[in-house]
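I opened this notebook to record what I looked up, beginning with the aromatic rings and then turning to a sheet.

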Amino acid sequence: MVTVAVTAKFHNPSLSRRKEWQRASRLYRDTKQFCIDGWENGDFDKSVTTASIDNDLYSAIQNQAIREAKSDHNKDGEVRYRESQPFAINNQNWEIDTTENGTVVVGFPCVSQWWYTPIEVYADIADPVDRLVEGDADKTRLQVYRRGDDWYCTFNVNYDADTSGETPIGVDIGERHILAVTAYGEDESMLVSGGEAKYIRRKYRSLRDSLSEAGALRARNRVGDKEQRRIKDLNHKLSRRLITFADQFENPVIRMEDLEGIRENSSWSGVHSWHYHQLQQFITYKAERAGIRVEKVDAYHTSQRCSECGSMGTRDGDHFSCSECGRGRHADLNASENIAQREGEPCTA
């Protein structure tokens, strides 16, 4: 199953539409806040229904607001919502279709009526939108929101993928080499040193330790912010480089190991830290934008097994050797090739 996130801009909605959508955004916020306040004050329990909601939103939208409020309250307790709140409609209560001239329109209820409005279908979303219009895919809930003077909608498209002719791209993430990548069956690979990330972490760890000893806590916090910005910039560059590598092959599918399995025996305390999660998130997000599926696979023994014959081998630094078949390989590339050969579960950003 492939899941693609679609964000589309509405094409020149009329003033009356924009006014009604803005009103719906406020009513949606008020509905969620009404629920949160009622639960906090003990006015009603979590079984509240649309019968308790006194506004003009369609009941399907009210129901979605109640569900979102429950989720927010369960996570955060008392919540105060901002002025701008995207309003949402569940998958059964909105439509997507084409007009006689081929324009794609999205229809959904709001306050006074259903609105059918054209969306701008650019190249990155053309395929999933076409699948949805043709009935070859399923859709999730629709969210409608304003950004500046423009209005957008966002939803996910789910469809079964034809895996024939795909090129698996195995991605091993680690300390010594932050990216080890193999295009399985193409005799192409990529290694990226982890030196820059290690340097950034060592540098700012040392600065934080020095400032902590000096009692300069504000300065210490600013150092942490700078480190995060530098790592974020590095992760953006790494993820772009990986997508460029993958995109040169026919029908690539990127496979990464679950982070829970990364370097379980590593002696480096930072190996499970936030920036590896962030790197995977950036890879997944950019892959989706490029129309490339991403899967996560079981990382068990990817570093110990021979990617040629499957036997347990020996790692000596960067070199992996197999006594069964005699193969020698860069250890991280051997791991990435093992990852490429395993089918995993689709994931999104």
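How many aromatic pairs does a search of the whole structure find? I ran the search over the whole structure, which is a predicted model, and it returned 10 aromatic pairs.

**Entry: Phe10 and Trp21.** I then checked where the two residues lie: Phe10 is in the loop between strand S1 (2-9) and H1, whereas Trp21 is in helix H1, so the pair ties together parts that are 11 residues apart in sequence. Buried or exposed, I asked of Phe10? At 1% relative accessibility I noted Phe10 as buried, and Trp21, with a relative accessible area of 0%, is buried as well.

**Entry: Phe245 and Phe249.** For this pair I read a distance of 5.3 Å between the ring centres and an angle of 70 degrees between the planes, which is over 60 degrees, so I wrote the pair down as edge-to-face. Both of these phenylalanines, Phe245 and Phe249, are buried.

**Entry: cluster and charges.** I followed the ring pairs onward and found that they link Phe10, Trp21, Phe87, Phe108 and Trp151 into a cluster. Looking for charges over rings, I found the charged end of Lys139 over the ring of Trp94, at 5.2 Å from the ring centre, and the charged end of Arg147 over the ring of Tyr152, at 5.1 Å from the centre of that ring.

**Entry: the sheet.** I next traced an open sheet of three strands, ordered S3-S4-S5, in which the pairing is antiparallel. Strand S3 (95-98) and strand S5 (114-118) are the edge strands, each of them pairing on one side only. On average, and with direction ignored, neighbouring strands of this sheet are turned by 25 degrees against each other. I also checked what packs on the sheet: helix H1 (residues 15-41) does, touching S4 and S5, and the direction of H1 makes about 120 degrees with that of S5.

**Entry: S3 against S4.** Over how many bridges do S3 and strand S4 (residues 104-109) pair? I counted four bridges, in the antiparallel sense. Going through the partners, I noted that Asp97 has Val105 in S4 as its bridge partner, and that Thr98 stands opposite Val104 in S4. The two strands S3 and S4 form a hairpin with five residues between them, and in the turn I found Gly102 with a positive phi of about 90 degrees.

Definitions and conventions. Residues are numbered from 1 along each chain as its sequence is written. This is a predicted model: local features need pLDDT of at least 70, side-chain atom pairs count only at pLDDT 80 or more; totals for chains, interfaces and linings use all residues. Side-chain values use heavy atoms; hydrogens and water are left out. Two strands pair if DSSP finds at least two bridges between them. Axes are lines fitted to C-alpha atoms, for helices over the stretch in contact, and angles run from 0 to 180 degrees between N-to-C directions. Contact means heavy atoms within 4.5 Å. Rings of Phe, Tyr and Trp (its six-membered ring) pair if their centres lie within 6.5 Å; planes under 30 degrees apart count as stacked, over 60 as edge-to-face and the rest as tilted. Buried means under 20% relative accessible area, exposed over 50%, partly exposed in between (1.4 Å probe, protein chains only). A charge sits over a ring if NZ of Lys or CZ of Arg is within 6 Å of the ring centre and within 35 degrees of the ring normal.
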